[in-house]
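Subject: Structure handover

Hello,

Here is the structure for your files. My notes on it follow below.

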Amino acid sequence: MGDCFSLAKRSKIMASIKAKDTKSELLVRSYLFRHGFRFRVNDKRLVGRPDIVLPKYKTVIFINGCFWHAHQGCKYFTLPKTNRPFWEQKLAKNRERDQRVCAQLLEKGYRVLVVWECELSPPAKREETLNGLVNEIWQGS
């Protein structure tokens, strides 16, 4: 009974995780908007549906969750102890997809920037990351 309950609980938790409009995405979008950038969100016309597309700068931004994209060396990424083979395979596929999408966007002439969830906390680190992001966008134009 304990195993069924824990699996049902995990399933409920995983189902509640949002795929878009996450706190991290909203932070980055509001910062960019306040700094005068106009962008598209989750543009279906581009492979991988980037979180943010800046057409004027031919730049896309992905805001990656450290767990879901297996951010190596990050304190927020730990492999679950239960059902380990499933998670290893799932996260490896996510990383492969990320690399494939990045390569395709680069081929189309886009600059691809990635902001990791861990780079947005604490507030001092967030400010440094977002300032760096804005500078990176401007330098590429």
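Helix 2 passes helix 4 in a right-handed crossing, where right-handed means that the near helix is turned clockwise from the far one by less than a right angle, and left-handed means anticlockwise. The two elements pack at an angle of about 55°, with their axes 11 Å apart. Axes here are lines fitted to C-alpha atoms, for helices over the stretch in contact, and angles run from 0 to 180 degrees between N-to-C directions. Helix 2 and helix 4 are therefore oblique to each other; angles under 35 degrees would count as roughly parallel, over 145 as roughly antiparallel and 65 to 115 as roughly perpendicular, with the rest called oblique.

On the helix 2 side, Leu27, Val28, Tyr31 and Leu32 take part, and they meet Arg126, Glu127, Leu130, Asn131, Leu133, Val134 and Ile137 of helix 4. Contact means heavy atoms within 4.5 Å. By class, this contact has eight nonpolar, one polar and two charged residues. The classes are: Ala, Val, Leu, Ile, Met, Phe, Trp, Tyr, Cys and Pro as nonpolar, Asp, Glu, Lys and Arg as charged, and the others, Gly among them, as polar.

Some background on the model. It is a predicted model: local features need pLDDT of at least 70, side-chain atom pairs count only at pLDDT 80 or more, and totals for chains, interfaces and linings use all residues. Residues are numbered from 1 along each chain as its sequence is written, and side-chain values use heavy atoms, with hydrogens and water left out.

The protein chain has four helices and four strands, in the order α-α-β-β-β-α-β-α from the N terminus on. Helices (H or I, at least four residues) and strands (E, at least two) are DSSP runs, numbered from the N terminus. Of the 141 residues in the protein chain, 33% are buried; buried means under 20% relative accessible area, exposed over 50%, and partly exposed in between (1.4 Å probe, protein chains only). Among contacts between residues at least 6 apart in sequence, 54% join residues at least 24 apart.

Next, the charged pairs. Side chains of opposite charge can pair when their charged atoms come close. The structure holds seven salt bridges, each being a side-chain nitrogen of Lys or Arg within 4 Å of a carboxyl oxygen of Asp or Glu. Three of them are described here.

- Arginine 111 pairs with glutamate 136, with the closest N and O atoms 3.5 Å apart. This pair links distant parts of the chain, from strand 4 (residues 111-116) to helix 4 (residues 123-140), and its members are 25 residues apart. Arginine 111 is partly exposed at 21% relative accessibility, and glutamate 136 is partly exposed at 34%.
- Salt bridges that share partners join Asp21, Glu25 and Arg29 into one network. Because glutamate 25 and arginine 29 are four residues apart in helix 2 (residues 23-34), about one helical turn separates them. Both glutamate 25 and arginine 29 are buried.
- Glutamate 88 pairs with arginine 84 at 3.8 Å between the closest N and O atoms. Both lie in helix 3 (residues 84-107), four residues apart, or about one turn of the helix. Glutamate 88 is partly exposed, with a relative accessible area of 42%, and arginine 84 is partly exposed at 36%.

Back in helix 4, which also holds threonine 129, that residue counts as buried at 18% relative accessibility. Not counting residues up to four places away in sequence, threonine 129 touches Val115, Glu119 and Leu120.

The peptide bond from serine 121 to proline 122 is cis, with omega near 0°. Proline 122 sits in the loop between strand 4 and helix 4. Two residues have a positive phi although neither is a glycine: arginine 49, at about 40°, and lysine 58, at about 50°. Arginine 49 lies in the loop between strand 1 (40-41) and strand 2 (52-54) and is partly exposed at 37% relative accessibility. Lysine 58 lies in the loop between strand 2 and strand 3 (59-64) and is partly exposed, with a relative accessible area of 38%.

Regards
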